[in-house]
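Thank you all for coming; I would like to walk through one structure with you this morning, going from strands to helices and then to a few backbone details.

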Amino acid sequence: MGLSLVVAATALLAMLAWGYRVTDRRIRSRPLEEAPAAESWLTADEALQAEKVDTPQGVIEATLVYGPKHQDPWRLAGLRRLQGYPTFPAKDGSHLVLLLDASGAKLYGLKVGIVEAILDPPPLEGETIVPYNPSEGRLVVVLPDLTQATEVAVETMSGESRGRWPLEKVAVVEPAKDFETKGANQVRLEQLLRSGEVVLAPAGALPVAEQTVDLTFIGAGYDTDQQFQSDSQRFSNELVKYEPFASRSYQLVFHRINNQIDLGCQYLPANPRLILCDEAKVWQAVNSAGAPADVVVVIVNNPNYGGSATSVVTAYNGQQGPAVFVHELGHVLGHLVDEYVIFGQGPLGGIQRNCSPQPGPVAAWEGLAGSDLPQGCLYQNWYRSTASSIMRELKAVYFNPVSQRILEGEINYYARPAITMVDLDHDGDMDFIDWRLMLNHFGTEYCLMSVAGGCLVDLNDWRLMWWFWGE
Ligand SMILES: [Zn+2]
């Protein structure tokens, strides 16, 4: 008793000395009381210095073009060698972009997803909807610049070739660092630590890109940087009002590029609220600027309502622009379905992300939705999990719990899960038993994250054990 108390006290003091404040050992599940305070924007050099972004490496950017059915041979539309960051593989990809050596052996494979349908923002009152199907798609990928690589190739996940091209005529782009970065929200992390919740993140020296979701804003049609800077600030402030982005704001990193290049953005004559940009130009501009990006968001300097979800998020910068951005991000990051009705009768079958083709309770939505589901979710005869949400109408400033869980899964994919320690044995206290149960469940590869983002205490650390053992 005496000895364990001394050790526990020593451990406690050690933790206090490290800046970790233990205020309450009981777990409280508390909602976010206020939007987390904003971090300030850093220059690219400052962000690199502060390790908010990884050091760029030699990469090859390939621009690929595919037809409407993407079964025909693909076309290679350009190769550039630059300093940057390889594309993060798609979670549910349909194709592989490969680097091959002189003998045809695979050196590197990147799983990619391609855009099947272009989605536009929710209709304004009284508007009708005109779905738009593009005749071709463009995909820009960034691959590591491997010395033995002699060819780039595309194949389906089942191994059917879609094309193979020599790595020649590769344009060399001067390295640039023309972007600004707003780091992950450390204030939010401190709030969590202070609230008595313990945030756990993967241990080890992971690259920053693997601990964060990188959201990169680029301006289209701006005369002044000042207006774009104010808009990108407004957009990033909007996102952290929505769960799960609020709770995970300490893993969101925003970047912005003051762009003067024409990105080919235009309102479609047949559907004037659908803004489409040249996706290849957008991604190339992001790569030319040397900015990291998991998701690219084009902010269009135009007061007329509009936006789209393609391989990039696009939104106008008017009053509802920030909400359009969040809605379209739901499509691009979460692959969420529109919850407003676009089509008549849809096919019956299994759950389609946040829509259910079947009436009645959905087993997978237990605890997230009631049993009496409202009808109308993309199709007239499909069902949604809540009466409203931002995927249905922009005035709803929330994703419903079903969509939140889907988005949380995507954030976990890009940024690794953060585990909030919970009272696993339901005895009303977070203690040694919960810690032991958690260890059994997650293994020892997790650590308490420090406010600086590093590993503060390894989950397997004896000091943590003594702390939980307590009296
Ligand atoms: Zn939509």
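Which residue in β8 does Val154 stand opposite? The residue opposite Val154 is Gly163 in β8, and I will come back to that pair in a moment. What you see is a predicted model, in which local features need pLDDT of at least 70 and side-chain atom pairs count only at pLDDT 80 or more, while totals for chains, interfaces and linings use all residues.

When I say helix or strand, I mean a DSSP run, numbered from the N terminus, with at least four residues of H or I for a helix and at least two of E for a strand; two strands pair if DSSP finds at least two bridges between them. As a reminder, strands of a sheet pair through backbone hydrogen bonds, either parallel or antiparallel.

With that in place, consider strand β7, residues 151–156, which pairs with strand β4, residues 95–100, in the antiparallel sense over 6 bridges, and here Leu98 has Ala153 of β7 as its bridge partner. β7 also pairs with strand β8, residues 161–166, again in the antiparallel sense, over 5 bridges. These two strands, β7 and β8, form a hairpin with 4 residues between them, and in the turn Gly159 has a positive phi of about 95°.

Let me turn to an open sheet of 4 strands, in the order β6-β2-β3-β9, whose pairing is mixed. Because β6 (137–144) and β9 (171–172) each have a single partner strand, they stand at the edges, and one side of each is left without a neighbour in the sheet. Strand β3, residues 75–84, runs parallel to β9 and is joined to that strand by 2 bridges, with Arg80 standing opposite Ala171 in β9. Helix α5, residues 279–288, packs on this sheet and touches β2 (57–66), β3 and β6, its direction making about 25° with that of β6.

How many of the residues of α5 are buried? The count is 10 of its 10 residues, where buried means that 20 or more other C-beta atoms, placed from the backbone, lie within 10 Å of the residue's own, exposed means 12 or fewer, and partly exposed lies in between. What covers these buried residues includes β2, β3, β6, β12 (213–220), β13 (252–257) and β16 (295–300). Take Ala280, which is located in helix α5 and counts as buried because it has 20 C-beta neighbours inside 10 Å. Leaving aside residues up to four places away in sequence, Ala280 touches Thr63, Ala77, Arg138 and Val140, contact being defined as C-beta atoms, placed from the backbone, within 7 Å. The C-alpha atoms of Ala280 and Val141 are separated by 9.7 Å, although the two residues are 139 residues apart along the chain. Just after α5, Gly290 takes a positive phi of about 75°.

Now for a pair of helices. Helix α4, residues 225–239, and helix α6, residues 321–334, pack at an angle of about 55° with their axes 9 Å apart, the axes being lines fitted to C-alpha atoms over the stretch in contact, and the angles running from 0 to 180 degrees between N-to-C directions. That angle makes α4 oblique to α6, since angles under 35 degrees count as roughly parallel, over 145 as roughly antiparallel, 65 to 115 as roughly perpendicular and the rest as oblique. The contact is made by Arg234, Phe235, Glu238 and Leu239 of α4 together with Pro322, Ala323, Phe325 and Val326 of α6.

A cis peptide bond, with omega about 5°, joins Glu243 and Pro244, and Pro244 is found in the loop between α4 and β13. Lys169, which is not a glycine, has a positive phi of about 55°; its place is in the loop between β8 and β9, and Lys169 is exposed, with 9 other C-beta atoms within 10 Å. Leu378, in strand β21, residues 375–384, also has a positive phi, near 70°, but Leu378 is buried, with 21 other C-beta atoms within 10 Å.

Definitions and conventions. Residues are numbered from 1 along each chain as its sequence is written. Two residues are in contact if their C-beta atoms, placed from the backbone, lie within 7 Å.
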